[in-house]
Amino acid sequence: MHPAKRLVVVVLFDRIDLLDVTGPPEVFALLRRELGADSGYEVVLAAETMDPVRTSAGVRVLPDATFDEVARRSIDTLIVPGSVELDDAKRVRAIADPVVVAWVRRLAGRTRRLASVCVGAHVLAAAGLLEGRRATTHWSTAAQLAADHPEVDVDADPIFIRDGDIWTGAGLTACLDLSLALVADDFGEELALRVARQLVMFLKRPSGQSQFSVSLAPVSTTRRVDVLRHYITRHLDEPLSVAGLAAEAHVSERQLTRIFKSELGMTPRAYIESARVEAARNRLETTDDTLDRVATACGFGTTDTLVRAFRRVLDTTPTAYRDRFRLT
């Protein structure tokens, strides 16, 4: 027998990402379809006032209640979406409005479980709710989260992270993965699987599944690094040493390492491994190549090296990755 409806409050504010708002309720609505109308979740969209909220997509959303009203109720899950802006250099920066932060801090005291989606982690951090915890956010603002809140253990790689009663999610579509994980935590894997089938998606990508993609890595400001990145991509099946790359760039090994850390936030060796893992992911998704062939084509040399790299970078194995993400 399932428990009574669980109150889920989604925090609304201006310029919020639309999918952050609509994604989780859609998952919970499909669960209600599976369970019946009298059980599951009660989803309430709450804002400071009852005025329409304009999302980043330009679509206006009507709140169901004010923050003050939901603060009088016992909340099962508080979902905090995010919002971004572009600075003068056209860089994406997360926004944490002080008024919203104050309300989230207050509502957290009435809540069993907190969840942020995409850059909503910045709001939780500003409210002091992520101190000493491991958390993730969208890759484009992970460095900002770490810089603004050194008390938070920021991990930019996983698509979502659970640390006790606080869950943080990565990109926009990862809100669906996180929502399915919440459903599985509350009602079991079987019901979550039935919901996932209705969404035509996997039950859930592993929380440790990487959101990182070499093709999405931050663009460097140094043309020399961009040239080296393209060089690495073209020569993945060849031995790629730091000494060889330094010679290609006409710099010392120490200078090359310093440039990569400054521009890309990682060492040349780490970048090479990430590029090879990315290439292997593509082959596993789109071809029937054996693991031996994938390992050779992507420069790993042996299957064992390929497996170790996947465990280190993606926290999974090549076989498990292919089983989940093979494009048919």
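I started with His250, which sits in the loop between α9 (242-249) and α10 (253-264). The model is a predicted one, and I kept that in mind for every entry below.

**Entry 1. Backbone at His250.** I looked up the phi of His250 and found a positive value of about 60 degrees, although His250 is not a glycine. Most residues other than glycine have a negative phi.

Entry 2. His250, with its positive phi, follows α9. Which residues of α9 are buried? I noted Val242, Leu245, Ala246 and Ala249. These residues cover an arc of only 100 degrees around the axis, so they lie on the same side of α9. An α-helix has 3.6 residues a turn, so residues three or four places apart point the same way.

**Entry 3. Backbone at Arg15.** I found another positive phi at Arg15, near 65 degrees, again in a residue other than glycine. Arg15 belongs to the loop between β1 (6-11) and α1 (18-35). Its relative accessible area is 45%, so I put Arg15 down as partly exposed.

**Entry 4. The sheet.** Next I traced the strand order. Seven strands make an open sheet, in the order β5-β2-β1-β6-β9-β13-β12, and the pairing is mixed. Which strands stand at the edges? They are β5 (65-66) and β12 (160-163); each has a single partner strand, so one side of each is left without a neighbour in the sheet.

**Entry 5. Pairings around β6 and β9.** I went through the bridges one pair at a time. β1 and β6 are parallel and share three bridges. Val10 stands opposite Ile79 in β6. Strand β6 (residues 75-80) also runs parallel to β9, and five bridges join the two. On that side, Ile79 stands opposite Ala115 in β9. From β9 I moved on to strand β13 (residues 166-169), which is parallel to β9 and joined to it by three bridges. Here Ser116 has Thr168 of β13 as its bridge partner.

**Entry 6. Cover on β9.** How many residues of strand β9 (residues 111-116) are buried? I recorded five of its six, so the strand is mostly covered.

**Entry 7. Helices on the sheet.** Helix α1 lies across β1, β2 (41-47) and β6, and runs at about 160 degrees to β2. Helix α3 (residues 98-108) packs on the sheet and touches β1, β6 and β9. The direction of α3 makes about 155 degrees with that of β6.

**Entry 8. Pro63.** I found Pro63 in the loop between β4 (60-61) and β5. Pro63 is buried, with a relative accessible area of 8%. Leaving out residues up to four places away in sequence, I listed what Pro63 touches: Leu12, Leu45, Ala47, Thr49, Met50, Asp51, Pro52 and Val53. Pro63 and Val53 are ten residues apart in sequence, and their C-alpha atoms are 7.5 Å apart in space.

**Entry 9. Thr317.** My last stop was Thr317, in the loop between α13 (303-314) and α14 (318-325). Is Thr317 buried or exposed? Its relative accessible area is 19%, and buried means under 20%, so Thr317 counts as buried. Not counting residues up to four places away in sequence, Thr317 touches Phe310 and Arg311.

Note on methods
Residues are numbered from 1 along each chain as its sequence is written. This is a predicted model: local features need pLDDT of at least 70, side-chain atom pairs count only at pLDDT 80 or more; totals for chains, interfaces and linings use all residues. Side-chain values use heavy atoms; hydrogens and water are left out. Helices (H or I, at least four residues) and strands (E, at least two) are DSSP runs, numbered from the N terminus. Buried means under 20% relative accessible area, exposed over 50%, partly exposed in between (1.4 Å probe, protein chains only). Contact means heavy atoms within 4.5 Å. Two strands pair if DSSP finds at least two bridges between them. Axes are lines fitted to C-alpha atoms, for helices over the stretch in contact, and angles run from 0 to 180 degrees between N-to-C directions. The arc is that of the directions from the helix axis to the C-beta atoms.
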